[in-house]
Amino acid sequence: VAFEHLALALDGLLESLVEKDDAGNITSSFACALKLLGDLYSFGAHLPPDVFIDENAHDDVETSVRSQIAFVAKGEEAYSAAESMQEKEQGDGDLDGLRVAAVCDLGA
C-alpha cells in the first residue's frame with residue numbers, strides 16, 4: 001500500500017510540475033518540486049525490498065534489492081537538478097540550505 005501511494009505521488013508530481021527537456025534531463029520551474037521528487041524517490045529506501053519485486057517476472061531477493069537501489073538512485077537526478085536550478089537563480093553561496101535539507105532527508 002505504501003508503494004502504491006508513493007507511486008501516485010510521483011505520478012502526480014511528474015504530470016504537473018516536473019518535465020523532461022529535449023536531452024532527457026528532468027526540469028521544473030520550481031526547485032522545491034525537484035527537491036520533493038528527490039525526497040519521494042529517497043523514501044523508497046525505507047520500504048522493504050520485496051515491494052520492488054516484479055510479480056510477473058518471479059524476481060528473487062537480489063533482483064528486488066537492485067530494483068530498490070535503482071529506484072532510490074533516481075532521486076539523485078532530481079536533487080542535482082534542484083541544486084543546478086538554485087545555482088543559476090541565486091549563486092553558489094545560497095545552496096547551503098538546499099544541501100542541508102537534502103543531506104537531512106537522506107539521513108547522512
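Q: How many helices and how many strands does the chain have?
A: This is a predicted model, in which local features need pLDDT of at least 70 and side-chain atom pairs count only at pLDDT 80 or more, while totals for chains, interfaces and linings use all residues. Helices (DSSP runs of H or I, at least four residues) and strands (DSSP runs of E, at least two) are numbered from the N terminus. On that basis the chain has four helices and two strands.

Q: Which pattern does the chain follow when read along the sequence?
A: Residues are numbered from 1 along each chain as its sequence is written, and side-chain values use heavy atoms, with hydrogens and water left out. Read along the sequence, the elements give the pattern α-β-β-α-α-α.

Q: Which element has the lowest mean pLDDT?
A: The chain averages a pLDDT (the predictor's confidence in each residue, from 0 to 100) of 80, and 81% of the residues score at least 70. Where pLDDT is low, the predicted coordinates should not be read in detail. Among the elements, α2 has the highest mean, 87, and the lowest, 65, belongs to helix α4 (residues 96–106).

Q: What share of the 108 residues in the chain is buried?
A: A residue is buried under 20% relative accessible area, exposed over 50% and partly exposed in between (1.4 Å probe, protein chains only). Of the 108 residues in the chain, the buried share is 29%.

Q: What share of the accessible surface of the chain belongs to carbon and sulfur atoms?
A: Accessible areas come from the Shrake-Rupley method with a 1.4 Å probe, and for residues only the protein chains shown count as cover. The accessible surface of the chain comes to about 6,900 Å². The share belonging to carbon and sulfur atoms is 55%.

Q: Is Lys35 buried or exposed?
A: Lys35 and Asp39 both lie in helix α2 (residues 31–43), four residues apart, about one turn of the helix. Their side chains meet in a salt bridge at 2.9 Å, N to O; the term means a side-chain nitrogen of Lys or Arg within 4 Å of a carboxyl oxygen of Asp or Glu. Because its relative accessibility is 14%, Lys35 counts as buried.

Q: The side chain of Ser28 reaches the backbone oxygen of which residue?
A: Ser28 lies in strand β2 (residues 26–28), and its relative accessibility of 10% is why Ser28 counts as buried. The side chain of Ser28 reaches the backbone nitrogen of Phe30 at 3.1 Å. At 2.6 Å, the side chain of Ser28 also reaches the backbone oxygen of Leu17.

Q: The side chain of Gln68 reaches the backbone oxygen of which residue?
A: Gln68 lies in helix α3 and is buried, because its relative accessible area is 10%. Leaving aside neighbours within four places in sequence, Gln68 is in contact (heavy atoms within 4.5 Å) with several residues, including Gly44, Pro48 and Phe52. At 2.7 Å, the side chain of Gln68 reaches the backbone oxygen of Leu47.

Q: How much accessible area do Val61, Val65 and Ile69 have together?
A: Ile69 lies in helix α3 (residues 61–90) and is exposed, because its relative accessible area is 55%. Patches are made of residues with over 30% relative accessible area and no salt bridge, like charges being joined within 9 Å and nonpolar side chains (Val, Leu, Ile, Met, Phe, Trp, Tyr) within 5 Å. Val61, Val65 and Ile69 form a nonpolar patch on the surface, and together their accessible area is about 270 Å².

Terms used
A polar contact is a pair of N or O atoms within 3.5 Å; within protein, one must be able to donate a hydrogen and the other to accept it, and residues adjacent in sequence count only if both atoms are side-chain atoms.
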